[in-house]
Structures are given as C-alpha cells and as structure tokens.
Amino acid sequence: MPGTLSIREGVFGSWQNAVEYAPTAGINALEVSVRPLDQLKELAAAAEAVGVQILTLAGSVNLDLEESIDAAIQTLEACHQLQVGIFFCSATGKELDREIHMARLRNLADEAKTRGVTISLETHPPFCQNADGMLQTMRELNHPNVRINLDTANIYYYNEGLCS
C-alpha cells in the first residue's frame with residue numbers, strides 16, 4: 001500500500017472530525033473501531049467522498065465466549081462488505097485450553113479467508129505478548145490470513161523492564 005498513511009479515527013475525537021481533518025493532514029486512510037454495519041457504511045461513504053478509505057476495522061475477540069466469536073465473524077463480514085482487507089484484532093482468552101483457543105482462532109481465520117480479509121493480531125497477551133508468544137501463535141495457527149501487528153509500545157508495556 002505505497003503512499004498510504006493511516007491513523008486511528010479516535011485521534012480526532014470522532015469519526016466526523018477524522019473524515020473532515022484527515023485529508024488536510026495528508027492522511028488518506030483510517031483505522032475505524034467496530035460498530036454496527038449501518039454506521040460503518042455511513043462513515044465509509046463520508047470518508048470516500050473526501051478521498052479517505054477505511055484501511056482497517058479494529059476490534060477484539062474473547063476466544064472463551066461463543067458470542068464474542070460470533071461478533072468477530074460479523075466484523076469479518078462487515079470488512080468484506082466495505083472492502084476493508086484487515087481486521088485489526090485483540091484476541092484474548094483465559095478460561096479454556098490454548099489448543100481450543102488456537103482452533104477457534106484458526107476457524108476465524110478460515111472465515112476471514114472466505115471473505116478476503118486478513119486478521120492482524122494486536123500485540124496483547126496472552127497470544128502475542130512478546131516475540132516468543134507471537135512466534136508460537138503463528139506456528140500453531142499456520143494460516144495465511146493471520147498476521148501480527150508489531151506494536152513496539154505494547155511490547156514494552158506488556159514486558160516491563162524489556163530493553164529494546
């Protein structure tokens with residue numbers, strides 16, 4: 001995506017401000033928080049009118065909860081409908097076995113693949129807290145539709161005392 005400069009909508013205080021001011025700052029793409037599809041469509045139309053695209057939808061999934069997994073599938077469908085190729089996702093889960101978590105995440109990746117979407121895992125525990133965790137997760141998943149968002153601030157935050 002050469003020439004793409006993206007920023008979180010929240011930096012501007014609201015999506016309306018983001019759509020209004022992003023182009024004046026030379027920003028042509030937004031990371032948008034997950035919300036109902038009708039609101040996303042409204043936001044996408046307003047952004048497109050000023051030459052700004054939605055680059056990523058940002059949300060989360062708790063792999064312990066079926067309803068959270070169902071919501072993540074709805075987010076993948078929203079990505080598909082809006083032609084947003086990346087679901088920026090904070091994946092959590094503490095109650096179930098890691099093997100179950102990985103199977104559920106792999107199933108989400110299959111759902112993403114059918115929709116032409118890539119899941120970009122945020123640098124958060126328990127699956128992507130540090131390089132070792134990221135590598136373990138990626139090896140276990142071994143799926144082309146899962147990638148890592150390497151957030152160096154979170155690497156430091158979640159690994160206190162780390163010298164990078």
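## Overall fold

The model is predicted: local features need pLDDT of at least 70 and side-chain atom pairs count only at pLDDT 80 or more, while totals for chains, interfaces and linings use all residues. Residues are numbered from 1 along each chain as its sequence is written, and side-chain values use heavy atoms, with hydrogens and water left out.

Of the 164 residues, 40% are buried (under 20% relative accessible area, with a 1.4 Å probe and protein chains only).

## The sheet

Six strands form an open sheet in the order β1-β2-β3-β4-β5-β6, with parallel pairing. Two strands pair if DSSP finds at least two bridges between them. The edge strands, β1 (6-8) and β6 (146-148), each pair on one side only. Neighbouring strands of this sheet are turned by 30° against each other on average, direction ignored; the axes are lines fitted to C-alpha atoms.

Strand β5 (residues 118-121) pairs with β6 in the parallel sense over three bridges. Ser120 has Arg147 in β6 as its bridge partner.

## Helices on the sheet

Helix α3 (residues 66-82) lies across β3 (53-62), β4 (86-92) and β5, and runs at about 170° to β3. Such angles run from 0 to 180 degrees between N-to-C directions, and a helix axis is fitted over the stretch in contact. Contact means heavy atoms within 4.5 Å.

Helix α4 (residues 98-115) also packs on the sheet, touching β3, β5 and β6. The direction of α4 makes about 140° with that of β5.

## Arg104

Arg104 lies in helix α4. Is Arg104 buried or exposed? Arg104 is buried, because its relative accessible area is 19%.

Its side chain makes a polar contact with the side chain of Glu66 (2.9 Å). A polar contact is a pair of N or O atoms within 3.5 Å; within protein, one must be able to donate a hydrogen and the other to accept it, and residues adjacent in sequence count only if both atoms are side-chain atoms. Leaving aside neighbours within four places in sequence, the contacts of Arg104 are Leu63, Asp64, Leu65, Glu66, Ile69 and Leu96.

Terms used
Helices (H or I, at least four residues) and strands (E, at least two) are DSSP runs, numbered from the N terminus. Buried means under 20% relative accessible area, exposed over 50%, partly exposed in between (1.4 Å probe, protein chains only).
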